[in-house]
Amino acid sequence: MQPVIELDNLEVRFGERPILKKLNGALTGRAIGLLGPNGAGKSTLINTLLGFHQPFAGTARIFGKDIRTDAKAVRALLGYMPENDSFIAGMTGVHFVRLMAELSGLPPQQAMERAHEAFFWVGLGEARYRNLGTYSLGMKQMAKLAQAIAHGPKLLFLDEPTNGLDPPARARMIQLIQEIRDRGDLRLILSSHLLRDVDECCDEVLILKDGRIAASCNLEEERRANRKFLELETRGANGTFTAGIERLGCEAASFPDGRMKLVMPDGVEIRQLYALAAEQNVQIRRLNHKRDSLEDIFLKAMEVPNGGV
Amino acid sequence: MAVFKHAYKGYEGALTPAWSRFLILPRYAFAEKRRSRFFSLFFLVSILAPLIFALLIYVQHSLSAMKLLQIGSSNLITVNAAFFMNLLGWQSMMTLFLAAFVGPGQISPDLANNALPLYLSRPFSRAEYVLGKMSVLLILMSIMTWIPGLLLFILQASLEGNGWFGQNLRIAGAIFLGSWIWILFLSLLSLALSAWVKWKPMAGGLLFGSFFVAAGFGGAINAILRTSWGNLINISHLIGTVWTSLFERPMHRGSGAFFFRVHGGDVPTWCCWMALVLICAGCLYLLSHKIRGAEVVR
């Protein structure tokens, strides 16, 4: 798969202060999460990829195009939803999105058509002729998403898209992001400090710490691996049940109160556990897949001294 | 994609040429300005002077009109460099008001509303952004300065005949060049102030201040130090001196156009040119510093 973003010794400095320190790596996922504590360099990385900051050394490529030498061609592929409140004063929502689409190169008529479509798609169809200044925070977030996608980019940068949204609006935003991701013709970079957002939307994650890459992993693979880790809560289990599980090929550890942790080998299905339990008259009261993988990865990355993978 | 489908879809259609995209900004700005009654009224008032000047030229060349108005056969007016310079001076003063009204609204709202990342995250450079915003002023000011100036020049040449056009071609060049020096200078200054001050009324006030307060300050320097170098911070003096040299008017006391009248020619013309270039360079520096996709906190 062609890398979406390649980082090649990318170094960014503000004055003498290094912000991004020789980043290397290739990101290939459909939806890539950018995680890190405040000041880790997430926004600086996005801004550098957008061409707002010049690299001090090294470079980055987006779909093979160099951000140093081909900045305009790179930006023609991008859509950007900024973190902060950003809009153009005195404009209706649909005219704002139309203007943005025209600046990306769409002819006026197509830009207008796509602006309407984008507004309906984000759920603001009825409010599209209202002045942007009268929008609520949630509506402004949706309008920002509409302007980011109206021109049909190949890569979408979403900087804290759920900032300030109430739970229903957040759920709607996440649903829209998932919809974009699942279509497959548009890649996503989602920068967030909310692990849950990244976990729900992304299949790859890049964790930054102090301007360095602290961890980078494929969440899809992690999730697949996690499917093999099970936590059971049983009643009536004894040594025979544990031995039976081990005979299936599982690694098992028993704890007081009937709790068990299992590692399932390939080829073993969960229904075999239920069949074994039924055979031995054991109740399986709860069965959980390990769920906190991203949090584990993030916390582990934060423990690495001075970042660096 | 039909609206009813409500699903995201990429765009594969044709794109507009990249070089022409800066013109999108003036198109949107004019659409917004058309809704302002004050702006429409001001624009109508601003073409009154060229109409009056055109009428004077016509009457000057029409015997029947002179008879009707009971004007003798002697010249009503003399259509020469001073005539066109005064027209340019009056119209340029009107453009100062226009710049104070329209200029501050160009960049300061985008800075205040954090809109620059939206513009600059597209295949649209900082230079194109400034050019687009500047075009709004350049187009409006052109309509008020060199376009009516040249139309009047052509009217006079066609009515006068006898090689007047060829003999006075320098006036046409001076109208065109003098207008462009002024409108480029004024546009840059008003955009730079608009970028520097995020509050529109303050930016408009500063634009007037840079003319009137600086002129007063320059006059005070002249009076206290018994010099004329204080004129270097008097913008109307700088422009007036440059115009006078372009129109080849004598550099005597009181020469120059209305509002841009040159009081004494002690400051060399090249110094005035340099002062204008330095102010423009300062404006460009300010714009390049302020027009950024992301603010850098060092």
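Author: Happy to! Let's begin with helix α6 of chain A, residues 167–183, which lies across strands β3, β7 (155–159) and β8 (187–191) of chain A. Helices (H or I, at least four residues) and strands (E, at least two) are DSSP runs, numbered from the N terminus. Being in contact here means that the C-beta atoms of two residues, placed from the backbone, lie within 7 Å. The helix runs at about 145° to β8(A); axes are lines fitted to C-alpha atoms, for helices over the stretch in contact, and angles between N-to-C directions run from 0 to 180 degrees.

A word on the source: this is a predicted model, where local features need pLDDT of at least 70 and side-chain atom pairs count only at pLDDT 80 or more, while totals for chains, interfaces and linings use all residues. Residues are numbered from 1 along each chain as its sequence is written, and chains are lettered from A and ligands numbered from 1 in the order in which they are written.

Now the sheet: 6 strands of chain A form an open, mixed sheet in the order β6-β7-β8-β3-β9-β10, where pairing takes at least two DSSP bridges between two strands. At its edges, β6 (78–81) and β10 (212–218) of chain A each pair on one side only. Within the sheet, β3 (residues 31–35) and β9 (residues 204–209) of chain A are parallel partners over 4 bridges, with L34(A) opposite L206(A).

Finally, 43 residues of chain A are in contact with 33 residues of chain B. Helix α6 of chain A is among the elements supplying at least two residues each to that side of chain A, while α4(A) gives the most, with 6 residues.
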